[in-house]
Every structure is written in structure tokens, then in C-alpha cells.
Amino acid sequence: MILPAMNVSGGIENLFLNYLRHIDRERYCFDFVVHEMNDISVGHMAEDLGAKVFLMPPFSLRTMKKIGEKYKRILSSGNYDIVHSSMANASFFYLSEAKKAGIGVRIQHSHQDRAADRLSHAVRNIPLLKMGNSQATAYAACSENAGRFLFKQKPFFIINNAIDYDKFRFDEEKRREFRNRYSLRNEFVVGTAGRLCPQKNQAHLLRDFQKLKEIKPDAMLLIAGEGELRDSLQLLCAELSVSNSVIFLGPVKEMPSFLSAIDCFVFTSLYEGLPVSGVEAQANGLPCVFSDTITKEADISGNVDFLSLDKPSSFWASVIASGKRQERPSVLSDRFDITVQAKRLMDFYDSLVLSETSI
């Protein structure tokens with residue numbers, strides 16, 4: 001497994017850790033090549049499930065030689081059947097090296113529906129994505145939109161961002177404990193989760209929240225996640241005079257408790273593949289408000305509003321304020337039930353290895 005990072009609140013790493021918990025670990029082993037790990041406990045969590053975690057330097061032209069030397073040693077000693085890359089813009093390197101090492105199954109995995117959040121990065125990434133595709137023998141995506149973006153008309157397999165529904169069920173005791181930790185009582189609490197970066201567009205949410213305070217003066221906003229925009233977002237809070245009502249939680253290990261503690265979950269992302277935390281929020285029974293850049297496949301509960309980012313913040317605030325928690329989640333789709341999807345993923349891997357060995 002080639003991942004950009006293995007962090008507490010990262011969507012991709014938690015996706016594969018979820019699968020690792022539910023696959024038949026007598027037959028399957030996942031090892032991880034990662035480029036960032038802000039909390040070693042996440043690596044230990046993977047190792048406790050039988051995985052090895054190999055930490056690489058940040059991926060760049062300067063570090064590629066060093067990464068390549070280590071990666072070749074990993075491949076030569078690992079006896080791997082599959083290399084599965086979730087770093088689409090680095091697959092040109094990882095999958096080509098896997099091909100040279102004689103690994104017959106090489107998967108390119110699309111997790112989003114555009115090349116980057118900045119034009120300069122997109123210009124860089126587009127040729128790299130094409131090169132990565134050319135080194136793959138199979139294609140996977142988290143959603144139809146993400147797959148069509150990267151693979152066009154090529155066939156691809158949907159690996160759903162599946163979760164353990166029971167783990168994320170609403171829990172009154174967890175709600176009380178989490179709220180007490182931050183001196184919250186009966187306030188209306190909005191939450192979001194994700195890296196603090198341009199893609200997630202938390203600045204939009206802060207402006208929406210300022211308007212929400214006009215409707216619900218006691219409202220609070222909890223932001224789970226860490227990233228390069230933390231300082232600028234805190235400055236924006238000050239400019240909007242909402243600093244006393246916004247709590248930056250940093251990475252959150254106890255997502256079920258966080259979700260039980262809040263009253264509405266909001267995503268203002270500029271783009272997404274299919275956000276796993278949005279699925280978790282719905283399994284918790286939360287009303288969700290998503291930007292309409294997020295695929296409608298993300299609505300698994302019927303309790304999601306998709307809003308245009310062009311709508312004024314006052315409109316977003318009114319929709320957020322009107323959301324109602326479901327007393328318990330309605331029947332949720334098998335598409336995101338980890339017990340069903342883990343079996344499906346194993347069948348996918350089996351079919352690829354079988355077809356490769358039969359050639």
C-alpha cells in the first residue's frame with residue numbers, strides 16, 4: 001500500500017486500516033509505504049494488525065533516489081503479490097519500480113475528482129497521473145466521479161470508503177464526556193473534520209459560522225484536523241470575531257465520540273472523492289451539509305443537504321441551523337458496510353492475482 005501519510009485523522013489511511021481490521025488476516029497482509037506520520041501510535045495500530053510500516057522522506061525530486069533505494073529493498077524482501085498505490089501523482093515511480101521487480105498486479109487508485117487544488121500543482125500532476133496510469137494493470141476509485149476523472153473510459157473497481165456502522169452509532173454517554181472535556185453543555189455544536197488545507201475550504205465554513213451565530217448565538221464550532229492553514233484560519237476567526245466560539249481540536253482519535261458530541265456535520269470542500277468522515281457522520285445519525293462539489297454518492301442516509309459554494313453564507317447558516325439529528329440511523333447502504341465491502345475487496349484482489357498467474 002502506497003499512501004501519502006499515516007496520520008490520526010487522515011481519510012485514506014483510516015480507510016485501509018478499516019479494511020485491514022476486517023479482512024482475513026490469515027490470508028492477506030497489508031504493508032504500508034508512507035511519507036508522513038504525525039503520531040507514531042497510528043503506525044503501531046497498523047503493526048498490531050500484522051502490517052509493516054515503512055516511513056519515507058517527503059516525495060520530491062531531491063529525495064527520489066533515497067526513496068528508490070529503500071523501496072527496492074522493501075520489494076525485494078517482501079514477496080509481494082500486489083502494489084496498490086493511493087498516491088496517484090507518484091504512481092509513475094512506485095508502479096514502474098514494482099513492474100521492474102516483477103510484481104504483476106499494480107493498482108492505481110483515484111481518491112479525488114481533480115488533479116490538485118492549485119493550478120500550478122495541477123499542471124505538474126496531470127502528466128504524472130497519465131504516466132502512473134500507464135504503469136498500472138488495474139484501476140480503482142473511491143467513487144464514480146473520481147474514477148471517471150482519472151481513468152476516463154477505462155474500467156475501474158469501486159473501493160467504497162466503508163466503515164463499521166456499529167462503531168459510529170450515536171452514544172449519549174460519549175456525547176456527554178466529549179462535551180464536558182470542552183466545557184460544552186446545551187450549545188448547538190457544528191463540527192467538521194479534515195486536513196486544514198485549501199481543498200477543505202474551512203475559511204468558507206468560518207464565514208458561514210459567523211452568520212450562524214446570528215441565528216444561534218450559543219453556537220460553537222469544533223474543527224478536527226491539522227494542517228498548514230491552521231494559523232491563517234485562527235487569524236480569520238479573530239477577524240470574524242468568532243475566536244471564542246471556535247475550537248481547533250487538532251487530530252482526533254475518538255471520532256465516534258466527536259460525532260456524538262456535535263449537532264451538525266459540515267463539509268465545505270472545493271472537491272472530494274468520497275469523504276469517509278461524511279459516511280461516519282451519517283452512521284452517527286447527524287444531519288450533514290456538504291458542498292455540491294461532493295458526489296451525491298456520499299448521501300447514504302437521506303439526511304444530507306448539498307449546497308453551492310456560491311450561495312451566501314447566510315443561506316448556508318440557515319440550512320445548518322435547521323438540521324435535525326436522526327434518533328438512530330435509517331438502514332444504511334451495504335456499499336459502506338465494512339463487513340460486506342471487506343469480502344468484496346478480497347475477491348477483487350483474488351481475481352487480479354489469479355488472472356495474473358494464469359497468463
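Mentor: Start with the term. Rings of Phe, Tyr and Trp (the six-membered ring of Trp) pair if their centres lie within 6.5 Å; planes under 30 degrees apart count as stacked, over 60 as edge-to-face, and the rest as tilted. By that rule the structure holds 17 aromatic pairs. Take one of them. The ring centres of Phe157 and Phe348 lie 4.0 Å apart with the planes at 0°, so this pair is stacked. The pair links distant parts of the chain: Phe157 sits in strand β6 (residues 157-158), Phe348 in helix α13 (residues 338-357), and 191 residues separate them. Helices (H or I, at least four residues) and strands (E, at least two) are DSSP runs, numbered from the N terminus.

A word on the source. This is a predicted model, where local features need pLDDT of at least 70 and side-chain atom pairs count only at pLDDT 80 or more, while totals for chains, interfaces and linings use all residues. Residues are numbered from 1 along each chain as its sequence is written, and side-chain values use heavy atoms, leaving out hydrogens and water.

Now the surroundings of the pair. Phe157 is buried, at a relative accessible area of 18%. Phe348 is buried too, at 9%. Buried means under 20% relative accessible area, exposed over 50%, and partly exposed in between (1.4 Å probe, protein chains only). The two rings also belong to a cluster: Phe30, Phe32, Phe157, Phe348 and Tyr349 form one aromatic cluster.

Just after α4, Gly102 takes a positive phi of about 85°.

Finally, the whole chain. It has 13 helices and 12 strands. Buried residues make up 57% of the 359 residues. Of the contacts (heavy atoms within 4.5 Å) with a separation of 6 or more, 68% are between residues 24 or more positions apart. A compact globule of 359 residues would have a radius of gyration near 21 Å, and the chain has 21 Å, which agrees. That radius is taken over C-alpha atoms, and the globule rule is 2.2 Å times the number of residues to the power 0.38. The C-alpha trace spans about 65 × 40 × 40 Å along its principal axes.
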